[in-house]
Amino acid sequence: AEWPLRPGICFYSLSKMMGLILQIVLLGLLSNVLYADSAAEPASSVRSEVVALKERMREDSLNIRKEMYSLFGDSHSSVLLLQVIELKKEVKGMQGLLQAQGEKIEDMESKLAEKMTEMGKGMESMVTRVDSKIEVMRSEVRLISQQKLTWQNSTYDDKLFSEYAVDGVYSLSGDLWGLNPIQHPVSGNDQRNFMMIIDLGGLFKIHTIKLWNRIDCCQENNLGVFIYADEELLGGIAESKPLYNFQANDQVYARKIYVKQSLAKNMNFREVQVFGSGPFDESEF
């Protein structure tokens, strides 16, 4: 441990005390040798010198004790002082360790910032590419009605649902109850205002709408049907044929397609296909 005080003074005092002790021992031995064969008392000069040496030793011992006490104090204080010294050294060591860790953290933060910058640039490039692909996809005319939500105001026999008009099945089979189901509202010529709605799920630019007529029979049921893209009328059916095509104008945007029967007649279709591009947001217009 670090020695905080003056060790030279302590060592000097101890050596001085040891010298006095040796002098006393030597004088005692000398007096025993000189008067070993006689009962005579040692010379008064020798006795007085021994007494003087003892007195000096006592005084030096007291001085050494005072000096030791002044240097170290009591034992508890000495232990406490040593503990403080050790703690101080530990704190210095911890400060050095913290400084080293702080430098490592700063280095890691710098490297992380560089990586984040690189990743940010990469993400920007990726987002740009994705946006470009999305724009290409939105500009392509494609089928946008298949498997979308539908609704009709009645259903024949609770079996020929409106979703059959967007299920993707429109074969030449006449099996409307199995392989080639059709959309069909409640039958009866005395009923009016049959309607089916196709929800496109977003705002699309409408290009073409195709309606596939049933092929087993009753193709004339669809006479009088009108097709709307939201509120825009795209056309009506005036003759019986297997397939009807309605082309939209250049700036027709819609969220829903309405198929409405204007006459007191039924209507049934194998499939209704809506082709367009998008989706778009209203803020883009």
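Helices (H or I, at least four residues) and strands (E, at least two) are taken here as DSSP runs and are numbered from the N terminus. The structure is a predicted model, in which local features need pLDDT of at least 70 and side-chain atom pairs count only at pLDDT 80 or more, while totals for chains, interfaces and linings use all residues. Residues are numbered from 1 along each chain as its sequence is written, and side-chain values use heavy atoms, with hydrogens and water left out.

The protein chain contains 3 helices and 8 strands, and along the sequence these follow the pattern α-α-α-β-β-β-β-β-β-β-β. Of the 285 residues in the protein chain, 27% are buried, where buried means under 20% relative accessible area, exposed means over 50%, and partly exposed lies in between (1.4 Å probe, protein chains only). When contacts (heavy atoms within 4.5 Å) with a separation of 6 or more are considered, 77% of those in the protein chain join residues 24 or more positions apart.

Met 126 is placed in helix 3 (residues 75–139) and, with a relative accessible area of 41%, is partly exposed.

Rings of Phe, Tyr and Trp (its six-membered ring) are paired if their centres lie within 6.5 Å, and planes under 30 degrees apart count as stacked, over 60 as edge-to-face and the rest as tilted. By this rule there are 3 aromatic pairs. In one of them, the ring centres of Phe 161 and Tyr 164 are 6.1 Å apart and the planes stand at 50°, so the pair is tilted. The rings of Tyr 170 and Trp 212 have centres 4.8 Å apart and planes at 35°, so this pair is also tilted. The latter pair links distant parts of the chain, 42 residues apart, with Tyr 170 in the loop between strand 2 (149–152) and strand 3 (195–213) and Trp 212 in strand 3. Tyr 170 is partly exposed at 31% relative accessible area, whereas Trp 212 is buried at 19%.
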